[in-house]
Amino acid sequence: MGVILEVQNLKKDFDITAGKLHAVDNISFQLEQGKTLGVVGESGCGKSTLGKLLVGLEQATSGKIIFQGRNIEKAGRADWKALRKEMQMVFQDPMSSLDPRLCTMDLIAEPLKIFKVCRTQSELESRVRALMDLVGIAEHMIYAFPHELDGGRRQRIGIARALALEPEFIVCDEPVSALDVSIQAQVLNLLKQIQRDKGLSYLFITHDLSVVKHISDDILVMYMGQMVEKAACKELFHSPMHPYTRGLLSAIPIPSLRNRRKRVLMEGEITSPVNMKPGCRFAARCPYAQERCRQEQPALREVSPGHFVSCHFTETTSISDTPA
Ligand code: SF4
């Protein structure tokens, strides 16, 4: 499988009254066709802005986005219209992302109508019914409105809309965080099944590491706009190296006394993301911070094949903090 998406040194700054907010700062990665890259981090770390940059809902300050071999960062309106067919987004809250005045039929038909995909009304209706079948919405719900459906079914409509134009790449921005746990599993399994059948590539954004584990091939951990660690999913869960990743992982509840991880406490205040000071952005909360951390920003290093970490003391912190 080839690389479908390559991001190089992507940056997005917002000018606000207090100065410059560095929402996405120097992010680089590759995504292979048919694979899922999970992007995790706390609220406000820039992961949703990253997703919006990739699908053209935000304009980057600098850097490159290469999609299917084309640099799309400087794409114009006409180019983006064509790219919409290839790239789609599934949003977090289906209740607010779906027009409450439209029924299932109209909601799923909307992208097909905009792109004039069907020549007749009956062709349009059969495409909508096929998409409903694909995402598991019963036929009799075709004229139901969003408020008449539960959260899982509303999210299935969001997925059907994203799939309507047969894209190659989908950004899933917290697609299950507004759902009950049992419904979360159904929606995750649906996304995985569709990926297997259609060879789709996903960027899966979430704050929940236990969710991302079930769907991702690789995981990218973001902290205050920067990538602090990236590795294959299994590797990251087995051998997390950045203190922030270890803190996130140690907070996942594990229903077993023997396999519990030692809790890594992240105390201290989160540094302001506006007009950043030099040094490591995690220093104020890091239990291993030293003077060098407050002076010098750590570079992203490949510490083992495919495992990237941004920390001056990766080797020391990893050894001293093995799971209990
Ligand atoms: Fe912690 Fe220092 Fe590593 Fe930053 S560079 S994560 S402050 S040990």
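**Reading helix pairs and a pocket**

Author: Helix 6 makes a right-handed crossing with helix 7. Right-handed means that the near helix is turned clockwise from the far one by less than a right angle. Helices (H or I, at least four residues) and strands (E, at least two) are DSSP runs, numbered from the N terminus. This is a predicted model, where local features need pLDDT of at least 70, side-chain atom pairs need 80 or more, and totals for chains, interfaces and linings use all residues. Residues count from 1 along each chain as its sequence is written, and side-chain values use heavy atoms, without hydrogens and water.

Reader: At what angle do the axes of helix 6 and helix 7 cross?
Author: Two packed helices are described by the angle between their axes and the distance between the axes. Here, helix 6 (residues 151-163) and helix 7 (residues 181-198) have axes that come within 10 Å and cross at roughly 20 degrees. Axes are lines fitted to C-alpha atoms over the stretch in contact, with angles from 0 to 180 degrees between N-to-C directions. Helix 6 and helix 7 are therefore roughly parallel (under 35 degrees; over 145 is roughly antiparallel, 65 to 115 roughly perpendicular, the rest oblique).

Reader: Which residues of helix 6 and helix 7 meet?
Author: Contact means heavy atoms within 4.5 Å. From helix 6 come Gly-152, Gln-155, Arg-156, Ile-159 and Leu-163; from helix 7, Ile-183, Gln-186, Val-187, Leu-190, Leu-191 and Ile-194.

Reader: How does helix 4 pack against helix 6?
Author: The angle is about 25 degrees, and the axes of helix 4 and helix 6 are 7 Å apart. That makes helix 4 roughly parallel to helix 6. Thr-104, Leu-107, Ile-108, Glu-110 and Pro-111 of helix 4 touch Ile-157, Ala-160 and Arg-161 of helix 6.

Reader: Are helix 4 and helix 5 roughly parallel or roughly perpendicular?
Author: The axes of helix 4 and helix 5 (residues 121-135) cross at roughly 115 degrees and come within 9 Å. Helix 4 and helix 5 are therefore roughly perpendicular. Their crossing is right-handed. Residues that meet include Ile-108 and Leu-112 in helix 4 and Leu-124 and Val-128 in helix 5.

Reader: Which elements supply the lining of the largest pocket?
Author: Strand 6 (87-90), helix 4 (104-114) and helix 6 each give at least two lining residues. The lining has 19 residues, with Arg-84, Gln-88, Met-89, Phe-91 and Arg-161 nearest the centre of the largest pocket. A pocket is an open set of points on a 1 Å grid over the protein atoms alone, where a 1.4 Å probe fits, with protein on both sides within 12 Å along at least five of seven lines; lining residues have an atom within 4 Å of a point.
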